[in-house]
Amino acid sequence: MHRRYFVQGATALTISQLLVGCSHNNTSKLTVKFLRNSLPGQVVEKFRQSLKSQAKLEFSLEGQLGDIFQQLQNWQEKKEPQAKQGWNLPLGQPEPQVADLVTVGDYWLKSAIEQKLIQPLDVSKLQNWSKLPPKWQNLVRRNEKGEIDSQGKIWGAPYRWGTTVIVYNREKLKSLGIQPQDWDDLWRKELGDRISLLDQPREVIGLTLKKLGKSYNTTKLSTVSNLETELKALHQQTKFYSSTRYLEPLLIGDTWLAVGWSNEVLPFINRYPQFTAFVPKSGTSLWADIWVKPGNPSAQEQKNLAATNLPDQWIDFCWSDNIAQTISLLTRANSPIPVSIDQKNISSALRNVLMADATTLNQSEFILPLAANVSQEYGEFFEKMQA
């Protein structure tokens, strides 16, 4: 998932500090690093106002989840956090401070656990944990290898989620008499050479598996009847593969339909009303942004956090009904906490995605980590598809 992968060599956005509260020497402190556009600034201010004692709050953003993941790795290897990347730090410059909480994507969770980059949460300290439906509790309940495990520990706190969607030029498809509703519409001859697809094996092969009535997390692809034939036919329909620029061909008219992630597609259609997006009715892939606690805090950091409990307070705050609703509405995403949102508060252009049919969402899945040999098979099928 490109939004969950670190692009080697990409320049991280300058960290923007959203808010710093009073900073007396004896004031407790909470440092949070989060994904750009995944958290409204006003939520931080409301949290500050809710605290019974003074606290210094430092919230900074990153443009890619992969940037945050790399920092988790750097914090784990504090002796030479920058040298491995070939960066030269001025003599005497202090090492970057380890954040108390960071955002990771669900797809990164397995690697973060395996590499011991994060520590489990103590849900006994989270009053709102019980509000989280089992689907979301199970997503973050993992064993020490990062695998889904009903007996595992809790490794994170989901605070928003979204879907993989189809977005299309309404006027172009109307002239062809097409109103797409599901994945099988991608194979319509009228759309030949007019489709943009994500450059991701799990997404492209996954949607094809969904068309065939299978799971995104299918193993033994070679046993799936007609899979290679369907992939070859889909490739013939496709003009463009990209995980970062799949919307641009739509805008200039090179393609008429694209597959993309809801967090990127919804701002796009809100700005350009000639486009429509929807969640395919047979189900789609899901993604989640999750709060996690970095591992290896210093003794002083452990003492400070134990005294204030600020990270747990912040997680609970994000799961409170009004705040969960605010995060959902202002970041154009869904909340893992069941909240009642009046459709009048959601733009009509966004309702097809944010208020998707319950049956469709029940048929949707997270893209879960697979064994190395199975992941290799996905890669091989994808290369063969594009050959």
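In this predicted model, Ile-166 has Phe-278 of strand β11 as its bridge partner. Strand β7 spans residues 157–169, and four bridges join it to β11. The two strands run antiparallel.

Strand β11 covers residues 275–278, and both of its faces are covered. Phe-275 and Ala-277 are buried on one side. Thr-276 and Phe-278 are buried on the other.

**Aromatic pairs**

The model holds 15 aromatic pairs. One of them is Tyr-168 with Phe-278. Their ring centres are 6.1 Å apart and their planes stand at 70 degrees. Edge-to-face pairs need planes over 60 degrees apart, so this pair is edge-to-face. Tyr-168 lies in strand β7 and Phe-278 in strand β11, so the pair ties together parts that are 110 residues apart in sequence.

Are these two residues buried or exposed? Tyr-168 has a relative accessible area of 6%, so it is buried. Phe-278 is at 9% and also counts as buried.

One aromatic cluster is formed by Phe-47, Phe-59, Tyr-159, Trp-291, Trp-314 and Phe-317.

**Charges over rings**

Two charged residues sit over aromatic rings, as the table shows.

| Charged residue | Ring | Distance to ring centre |
|---|---|---|
| Arg-202 | Tyr-378 | 5.1 Å |
| Lys-211 | Trp-187 | 4.8 Å |

**Helix α2**

Helix α2 runs over residues 65–76 and has twelve residues. From first C-alpha to last it reaches 17 Å, close to the expected 16 Å. How many of its twelve residues are buried? Ten are, so the helix is largely enclosed by the rest of the structure. Among the buried ones are Leu-65, Ile-68, Phe-69, Leu-72 and Trp-75. Asp-67 and Asn-74 are buried too. The cover over the buried residues includes strands β1, β2, β3, β4 and β12, along with helix α3.

**An exposed loop residue**

Gln-127 is found in the loop between β4 and α4. Its relative accessible area is 72%, so Gln-127 is exposed. Gln-127 and Asp-316 are 189 residues apart in sequence. In space, their C-alpha atoms are 6.5 Å apart.

**Confidence**

The chain averages a pLDDT of 87, and 85% of the residues score at least 70. Over residues 1–24, pLDDT is below 50. This stretch has 75 contacts in the model beyond near neighbours in sequence. Residues 79–92 also have pLDDT below 50, with twelve such contacts. Where pLDDT is low, the predicted coordinates should not be read in detail.

Key
Residues are numbered from 1 along each chain as its sequence is written. This is a predicted model: local features need pLDDT of at least 70, side-chain atom pairs count only at pLDDT 80 or more; totals for chains, interfaces and linings use all residues. Side-chain values use heavy atoms; hydrogens and water are left out. Buried means under 20% relative accessible area, exposed over 50%, partly exposed in between (1.4 Å probe, protein chains only). Two strands pair if DSSP finds at least two bridges between them. The expected span of a helix is 1.5 Å times one less than its number of residues. Contact means heavy atoms within 4.5 Å. pLDDT is the predictor's confidence in each residue, from 0 to 100. Rings of Phe, Tyr and Trp (its six-membered ring) pair if their centres lie within 6.5 Å; planes under 30 degrees apart count as stacked, over 60 as edge-to-face and the rest as tilted. A charge sits over a ring if NZ of Lys or CZ of Arg is within 6 Å of the ring centre and within 35 degrees of the ring normal.
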